[in-house]
Amino acid sequence: MPVSATSPQDPTRRRDERRWLFGLALVTLASWGRWLATGSLKVDENYPGRAVGGLLFMMLLCGWALLVLGWHGLLARPPERPRRLALLGLAVAAPMLPMLSNDLFSLFTYGSLAARGHDVYTTAAGLPDSYWYPWVGERWNRVVCVYGPTTLLAIMPAALAGQSAWLALAIYKALWFVPLALVMELSLRRLADRPFFHAFVWLNPLWIVEGPGQLHADLLGLAAITAGLVLARRGRTGASLILYALALLGKYSFAFSGLWFWLSGARSTRARLVRAARLAAVVVGLGALFFAPFWRGPATLTEPLRALGAMNPGGTVTEIVGLVVHFLRGGGIPSPELPVHVALELDRAAKASTWAATSLVMRVLALAVTARILWSVLRRPGNEERLALATGALTVAIATLASHRFQCWYLLAALPFFGLVQSDAWRRWWLAIVAVSPTTDFVLVLPKTSPLLPVWSVLSTGGTVLLFLWALRARYWTAFAPPLDEQPERGQDG
């Protein structure tokens with residue numbers, strides 16, 4: 001039910017804001033503690049000692065708990081003027097150092113090589129030529145660039161940093177935060193009547209830590225999608241299609257946002273066909289433009305997709321089922337002392353058949369969910385609220401059910417649509433998934449020999465995977481089956 005507006009001086013809201021900010025500050029401080037403990041910004045294969053790692057782990061847990069608790073309160077009582085808190089959160093997250101992911105150093109590697117004219121899409125043979133190659137985790141140092149050309153262009157300024165990780169980090173934050181702040185301001189102005197949207201998107205712990213904090217490239221895609229959404233609602237359809245294409249050409253996980261950009265405002269069959277043609281023309285045209293500097297033939301497109309498909313499952317139902325079946329057959333856990341690539345090959349040899357069967361089942365389920373969602377919106381194409389919910393649900397379904405790999409920041413692509421509308425089941429799910437899924441990476445502050453590491457890995461990954469399957473009917477079926485004259489529940493703006 002909608003929540004009545006409360007006074008800006010409401011003590012409960014002030015308490016939630018303080019919790020949120022203090023929790024974020026603790027997470028940022030933990031990132032600096034990790035650097036002080038290890039002496040390097042690198043994350044993978046660079047871990048603190050057991051005592052310091054345990055302390056940092058507890059600090060992270062406390063900070064994250066406060067962030068989520070504060071966010072829960074802010075969703076119930078969204079700030080009527082969220083600009084101050086959103087920008088303050090951006091400022092607190094800005095000094096955060098790499099801690100929960102080593103992806104940033106892969107970006108440094110691809111960007112610096114591409115700036116020197118190296119091909120990073122069809123072969124990984126040139127990766128050792130980059131100064132940043134030793135900083136890349138062993139799991140990823142034989143993988144071609146799987147980011148699209150707009151992201152590759154956005155990471156090429158790493159070449160300006162020379163051999164300074166600190167300068168490269170500063171360059172990225174300076175270059176990426178400017179368009180982000182502009183998009184935040186655009187949404188804060190144009191969606192001023194939707195405080196729930198801003199509380200759900202810009203104050204979301206998942207967003208503020210994995211986006212501005214850890215600098216995942218999804219930050220750029222979410223900014224583009226949000227700007228496109230706002231402009232489309234103002235009648236700027238052409239500009240919104242361009243922004244969608246920029247997001248898609250940055251990271252392919254944003255592809256499913258296209259459902260909203262295709263159908264929003266297109267009420268007749270003819271309008272939908274015309275919009276589909278325009279959307280395709282924009283994506284193909286911009287794709288040709290942005291891929292041109294990096295083009296090495298069809299392999300420029302196919303090799304990154306092949307590399308993604310060849311990766312071992314991770315963080316998904318497929319991975320968990322593979323582990324369970326492996327243990328039931330008497331298998332064990334590879335020694336942490338094994339080289340990473342050897343461990344990956346052993347894992348693949350032992351579990352490939354289970355992975356294949358489980359992936360097939362999950363993709364059939366995802367196909368059924370997709371069919372249900374598409375049928376719902378195409379049956380009533382004029383219902384903008386349902387379309388937003390459907391687009392967000394489809395994005396989540398692909399990330400959690402269809403994909404054989406999952407990282408919590410993949411969910412960022414869905415945030416703007418759920419900021420517009422949510423059912424009760426989705427609201428509960430989002431609170432749970434934000435609370436649990438990022439904690440799988442908290443083990444990166446622990447040494448491999450820590451007894452806490454396997455325990456927490458099982459608990460956090462298992463909890464995340466269970467949430468993928470939690471309330472499937474309520475989220476994917478019931479949410480799209482109200483009476484014909486009834487719309488899904490909007491965010492708590494009323």
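This dialogue covers salt bridges in a predicted model.

Trainee: How many salt bridges does a search of the whole structure find?

Mentor: A salt bridge is a side-chain nitrogen of Lys or Arg within 4 Å of a carboxyl oxygen of Asp or Glu. By that criterion the whole structure has 13 salt bridges. The model is predicted, so local features need pLDDT of at least 70 and side-chain atom pairs count only at pLDDT 80 or more, while totals for chains, interfaces and linings use all residues. Residues are numbered from 1 along each chain as its sequence is written, and side-chain values use heavy atoms, with hydrogens and water left out.

Trainee: Which residue forms a salt bridge with lysine 351?

Mentor: Aspartate 347 does, with the closest N and O atoms 2.6 Å apart. Helices here are DSSP runs of H or I with at least four residues, numbered from the N terminus.

Trainee: Is lysine 351 buried or exposed?

Mentor: Buried means under 20% relative accessible area, exposed over 50%, and partly exposed in between (1.4 Å probe, protein chains only). Lysine 351 has 5% relative accessibility, so it counts as buried.

Trainee: Where do aspartate 424 and arginine 427 lie?

Mentor: Both are in helix H18 (residues 424-436), three residues apart. Aspartate 424 is partly exposed at 36%, whereas arginine 427 is buried at 14%.

Trainee: Which residues are linked in a network of salt bridges?

Mentor: Arg15, Asp16, Arg19 and Arg77 are linked in this way.

Note on methods: Helices (H or I, at least four residues) and strands (E, at least two) are DSSP runs, numbered from the N terminus.
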